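Dear colleague,

Please find the structure below, handed over for your reference. A summary of the findings follows it.

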Amino acid sequence: MTDREKVLWTARLQIRNMTELIQGFLTNADAWVIGDKTSGKIVGYITADIPYRKLGVGEIGYVIGEKYQKRGYALFPSGSLLV
């Protein structure tokens, strides 16, 4: 396998893995992708783990892509889950 073929294979694998990750979020009732309204790009995701629904106790976790951090992308989704 040439270096070019290795790079292409790695890129295809990364795209497939990311596609599977996003599909998982789209089918999980407690996970959501976070998108940029202007570009439509997915910039991260947010999850809610609520083991004690009757008590209203749970955890919120989120991941924002490095180049999108510190721009408020997690603020609105996190606040929406708390309402």
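Gly-35 stands opposite Ile-42 in β2. This is a predicted model, in which local features need pLDDT of at least 70 and side-chain atom pairs count only at pLDDT 80 or more, while totals for chains, interfaces and linings use all residues. Residues are numbered from 1 along each chain as its sequence is written, and side-chain values use heavy atoms, with hydrogens and water left out.

Another bridge partner in β2 is Thr-47, which faces Ala-31. β1 and β2 pair in the antiparallel sense over 5 bridges (strands are DSSP runs of E, at least two residues, numbered from the N terminus; two strands pair if DSSP finds at least two bridges between them). These two strands form a hairpin with 6 residues between them, and Gly-40 in the turn has a positive phi of about 80°.

The open sheet consists of 3 strands in the order β1-β2-β3, with antiparallel pairing. Because β1 (31-35) and β3 stand at the edges, each with a single partner strand, one side of each is left without a neighbour in the sheet.

Leu-55 lies in the loop between β2 (42-52) and β3 (57-64). With a relative accessible area of 67%, Leu-55 is exposed (over 50%, with a 1.4 Å probe and protein chains only). Together with Tyr-52 and Val-57, Leu-55 forms a nonpolar patch on the surface, with about 340 Å² of accessible area in total (Shrake-Rupley method, 1.4 Å probe; patch residues have over 30% relative accessible area and no salt bridge, and nonpolar side chains are joined within 5 Å; a salt bridge is a side-chain nitrogen of Lys or Arg within 4 Å of a carboxyl oxygen of Asp or Glu).

Methods. Patches are made of residues with over 30% relative accessible area and no salt bridge: like charges are joined within 9 Å, nonpolar side chains (Val, Leu, Ile, Met, Phe, Trp, Tyr) within 5 Å. Helices (H or I, at least four residues) and strands (E, at least two) are DSSP runs, numbered from the N terminus. Buried means under 20% relative accessible area, exposed over 50%, partly exposed in between (1.4 Å probe, protein chains only).
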